[in-house]
Amino acid sequence: MKKSNFISLDSLSLQYLDGNSELIPLMTPEDEEKINNEDLPETLPILSLRNTVLFPGVVIPITAGRDKSIKLIDDANKGNKVIGVVSQKDEAVENPKAGDIHEIGTVASILKVLKMPDGNTTVIIQGKKRFCIAEVITEEPYINATVREVPEAKPAKKNKEFQAITDSIKDLALQIIKDSPNIPSEASFAIKNIESDSFLINFVSSNMNLTLKDKQKLLETNDLKTRALETLRYMNIELQKLELKNDIQSKVQNDMNQQQREYFLNQQMKTIQEELGGGNAEELEEMKKRAKSKKWDDKVSEHFEKELAKMQRMNPQVAEYTIQRNYLDLFLDLPWNEFSKDKFDLKRAKKILDRDHYGLDDVKKRIIEHLAVLKLRNDMKSPILCLYGPPGVGKTSLGRSIAEALGREYVRMSLGGLRDEAEIRGHRKTYIGAMPGRIIQSLKKAGTSNPVFVLDEIDKLSNSHQGDPSSALLEVLDPEQNSEFHDNFLEMGYDLSKVMFIATSNSLGTIQPALRDRMEIINVTGYTIEEKVEIGKRHLLPKQLKEHGLTDKYLKLGKPQIEKIVEGYTRESGVRSLEKQIAKMVRYAAMNIAMEEDYDLKVTNETVINVLGGPKLERDKYENNDVAGVVTGLAWTRVGGDILFIESILSKGKGTMSITGNLGKVMKESATIAMEYIKANADEFGINSEIFDKYNVHIHVPEGATPKDGPSAGVTMLTSLVSLFTQRKVKKSLAMTGEITLRGKVLPVGGIKEKILAAKRAKIKEILLCEDNRRDIEEIKQDYLKGLTFHYVSDMKDVLKLAITKQKVKKAKKL
C-alpha cells in the first residue's frame with residue numbers, strides 16, 4: 001500500500017493539506033446509499049488525471065497545473081461542484097483529446113479548493129459513482145461529454161463467501177500496514193472503522209502500489225465480488241514482496257550493525273591515536289592490501305605480519321616508526337619470487353652481440369657457450385663471469401647486451417672506491433639512517449629476482465676500518481650460498497641464485513684470491529687498428545652525430561681519416577679516446593652549421609690536422625737504432641699494451657748502477673739480474689771486465705711520471721746493457737718482452753695480445769718472445785699478426801744473437 005493518498009494531477013507533484021483543513025470523515029453505509037440514490041447529470045466536464053485512478057467513495061487531493069484543468073475546477077466550483085474524473089491512457093500527453101482518455105471514470109464532487117503560492121491549484125475531491133462517456137460534446141476550453149451510469153453488480157448482504165473475502169482484505173491490509181515501515185500506523189484505525197464493504201474494496205484498491213493500468217482494470221470491473229477477489233490477489237502479492245523485502249533488510253541491517261560497530265570502534269581507535277600523536281590506520285590498511293598480492297612463502301609472510309603488528313602498536317611520532325615503515329615498504333617493494341621469462345634463442349643472442357660489439361669474437365663465443373649451458377640446465381648455479389680487460393673495450397656494454405639477449409632486466413652496480421661492507425650487506429635497523437645494501441636496493445629497482453647484474457670495476461674495491469666489501473661479496477658470488485643472502489637491514493635471507501652476475505675488471509692482481517676463485521675469467525682484449533676504424537665508422541660516428549643533433553649528411557668521415565685519428569691521436573686498447581676525437585670532429589661541423597659558415601663536408605687528412613692539431617703520438621711509432629743502449633720493449637698497462645723505451649748510458653766512476661724512471665721493486669731487480677749476468681759472461685760477450693770498475697751505468701725508462709713494474713722488461717734491459725757495453729747497434733724495428741733469470745733462462749710473460757697490438761701501432765716489424773709464449777701467439781687471430789715476424793728464445797744468449805748486430809754505432813765510445 002502507498003504511503004499517502006496525495007496524488008498529483010498534471011505536474012505529478014505531491015502537495016499536502018495544511019493544518020487548518022477541515023477533517024473529512026470516512027464514508028458510512030448511509031453515505032453510500034445517499035450517493036447511489038443521486039441522479040447522474042446528463043453532461044459533465046471531464047478532468048483527466050495523469051497518474052492515478054479515482055474510485056467511488058475515496059477522497060483524494062490533486063494538484064492542477066494545466067490552464068484547462070484550473071479553468072474546469074474554477075467553473076465547477078462556482079457551479080454544482082460536480083465533475084467527471086478519468087485517467088489518461090498516456091501520462092506524457094500534455095493536452096489530452098477524446099481519444100487520449102479512458103471511457104470509464106468516476107463522478108466526483110469538489111470538497112475544497114486551495115490556491116497554492118506557486119500558482120497551482122490543489123483540490124480535494126470525493127468519488128461518487130462510476131460512469132461511461134457516451135459522446136464528447138466539446139474539447140475547448142475543456143472536455144465536456146454526455147455520460148451514462150455504469151451500475152455495479154453487488155452480492156447479497158448475507159453472502160458468506162463475499163464476507164470472507166472482505167474480512168481477508170481487511171486483515172491483509174492491517175498486516176501490510178503493520179509490516180510496512182513507510183505506512184503510518186494511524187492508517188490501521190481508518191481500515192478498522194470502514195463499515196461499507198464496497199468502500200473498503202475501493203479504498204484499498206486506490207492505495208495499493210499498482211500500475212495505472214491495473215487500477216483502471218479494477219475500476220472497470222462491474223462485479224464487486226470479482227473486483228474484491230482481484231484486490232485480494234494483488235494484496236497477497238504485495239504482502240509477499242513486503243515480507244521478502246523486510247527479510248532482506250533485516251539481514252542487511254545485521255550486517256550494517258556489525259559494520260557500524262567496527263567502524264565506531266575504529267573511529268575511536270583512530271581518535272585515540274590522533275590524540276597520542278597522529279593516526280596510521282590508512283597506511284596500515286594499504287600495506288595489508290599490497291601484501292595480499294605478494295608471492296611470499298609462509299616464513300616471509302609470517303615475519304611481515306609480525307612486523308606489521310609491531311608498527312601498529314607504535315606511536316607515529318617516535319623515530320623508530322619511520323624506520324619500521326621503511327622496513328615494511330622494502331618488504332612490499334622487493335620482487336619476492338617474481339621472475340622474468342628467459343629467451344634462450346641463441347641465434348638472436350648472437351645477432352644482438354654482433355650488432356652492439358664489433359670484433360671480440362672469442363668473448364662473444366664464450367658468452368654464447370655460457371648461455372647454451374644455462375639453456376640446457378635451466379639453472380643459474382653456474383660460474384660467475386668476470387670480463388677482464390683494459391678500459392674502453394666494451395665490458396660493461398657486453399652486460400647490457402646479454403640482458404637484452406636474455407630478455408631480462410639490466411642492473412649495474414659500480415664498485416669503484418667502495419670501502420664500506422655495509423654498502424653490500426646494509427645496516428642494521430637500530431642505526432639512525434639505516435638502509436638496505438646496494439644489492440637489495442638494485443633488485444628492488446629492477447622489479448624482478450633474476451636480472452642481469454653487472455658488478456662494475458670489481459678490482460677497485462678498497463678496504464677500510466669499516467670492513468672489507470670484497471669479503472662481503474664472497475657470499476653474493478657463491479652459487480652454493482647466495483640462495484639465502486643475508487642483508488642486515490632485511491634481517492632475512494633473500495634468494496640471489498637466479499640472478500646472473502657479471503663482473504668487470506681492468507686488473508686481476510688487486511682482486512682478493514677467494515673472490516677471484518669464484519669467478520670464471522673471460523679475457524676481453526684490446527682492438528686492432530682495423531677494428532677501431534670499423535667501430536668508429538659503424539658505432540661511434542653515428543652515436544656522436546645523433547648526440548650533437550646532426551645526421552650523416554652533415555659530415556662524411558672516411559676510414560682513412562678515422563685511421564689517421566687512431567694512429568696519431570689515441571694510444572689505448574679501447575675506443576674511449578677515439579670517441580672523444582670523433583666528437584671533436586662532429587663539434588667542428590656543428591659549429592660551422594650554427595654559424596652558417598662553409599666547411600669541409602667530406603673530411604680530409606688536412607681537415608683532421610686543422611681540427612685536432614698535429615699528431616701527438618707519432619714519437620711512439622719509431623725510435624732509431626743509431627744510439628747504443630736504447631732498446632724498445634713491450635709492456636702491459638691497465639689501459640692495454642704499450643711500447644717501452646729503455647735507455648742506458650756510461651759515465652766515468654767507480655762501477656755503480658743507477659736506475660730511474662719511477663720503477664717498481666721487481667723491475668729494479670730485473671736490471672740487477674741483467675747486470676750480474678753480463679758481468680759473469682763478459683768474456684763470452686767480448687766485453688772488457690775493467691769497464692765494470694771504471695764506469696758507472698745509468699738505466700732510465702722514459703715517462704718518469706708513470707709508475708712501472710713487472711719482470712717482463714728483463715730481456716730488454718739485458719739487450720740495452722750489452723748494446724751499451726759493446727757499442728753495437730740493436731736490430732732495427734725490433735721489440736721484445738720476457739723475464740730473465742740468473743741462470744740465463746728466458747721465462748714467459750702475460751699480456752701478449754695487448755703487447756702485440758701496441759707493437760703494430762708503433763710500426764714494429766719483429767718481436768722477440770720466450771719459447772713458452774708460442775702457444776699464446778697461436779691463440780691469436782692471424783689477422784692481428786699480419787706484418788709481424790716472431791722470434792722465440794729460451795736463453796739469454798739467443799736474445800743477444802738476434803737483437804745485437806755486429807755493426808758499431810756512429811761515434812762509438814772507446815772503452
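Predicted model: local features only at pLDDT ≥ 70, side-chain atom pairs only at ≥ 80, totals over all residues.

Biologist: Thanks! Why is L244 called exposed?

Modeller: Exposed means over 50% relative accessible area, buried under 20%, and partly exposed in between (1.4 Å probe, protein chains only). L244 has 51% relative accessibility, so it counts as exposed. L244 is found in helix α7, residues 224-276; helices here are DSSP runs of H or I with at least four residues, strands are runs of E with at least two, and both are numbered from the N terminus.

Biologist: What makes L244, I248 and V252 a patch?

Modeller: Patch members need over 30% relative accessible area and no salt bridge; nonpolar side chains (Val, Leu, Ile, Met, Phe, Trp, Tyr) are joined within 5 Å, like charges within 9 Å. These three form a nonpolar patch on the surface with about 270 Å² of accessible area together, by the Shrake-Rupley method with a 1.4 Å probe, where only the protein chains shown count as cover for residues. As background, an α-helix has 3.6 residues a turn, so residues three or four places apart point the same way.

Biologist: Why is helix α16 described as largely enclosed?

Modeller: Seven of the eight residues of α16 (residues 469-476) are buried, so the rest of the structure largely encloses this helix. Among the buried ones are P469, L473 and V476. Their cover includes α14, α15, β9 and α17.

Biologist: Why is the link between K559 and E534 called a salt bridge?

Modeller: The rule asks for a side-chain nitrogen of Lys or Arg within 4 Å of a carboxyl oxygen of Asp or Glu. For K559 and E534 the N to O distance is 2.7 Å. The pair links helix α19 with helix α18, 25 residues apart. K559 is partly exposed, at 39% relative accessible area, while E534 is buried, at 15%.

Biologist: And what makes E684 and K797 such a pair?

Modeller: Their closest N and O atoms are 3.1 Å apart. E684 lies in helix α23 and K797 in helix α28, so the pair ties together parts 113 residues apart in sequence. Both residues are partly exposed: E684 has a relative accessible area of 49%, and K797 has 29%. The rule gives 35 salt bridges in this model.

Biologist: Last one: how do you know that T448 is buried?

Modeller: T448 has a relative accessible area of 12%, so it is buried. This residue lies in the loop between α15 and β9. Leaving aside neighbours within four places in sequence, T448 is in contact (heavy atoms within 4.5 Å) with P335, E338, S340, E409 and L443.

Conventions: Residues numbered from 1 in each chain as written. Heavy atoms only, no water.
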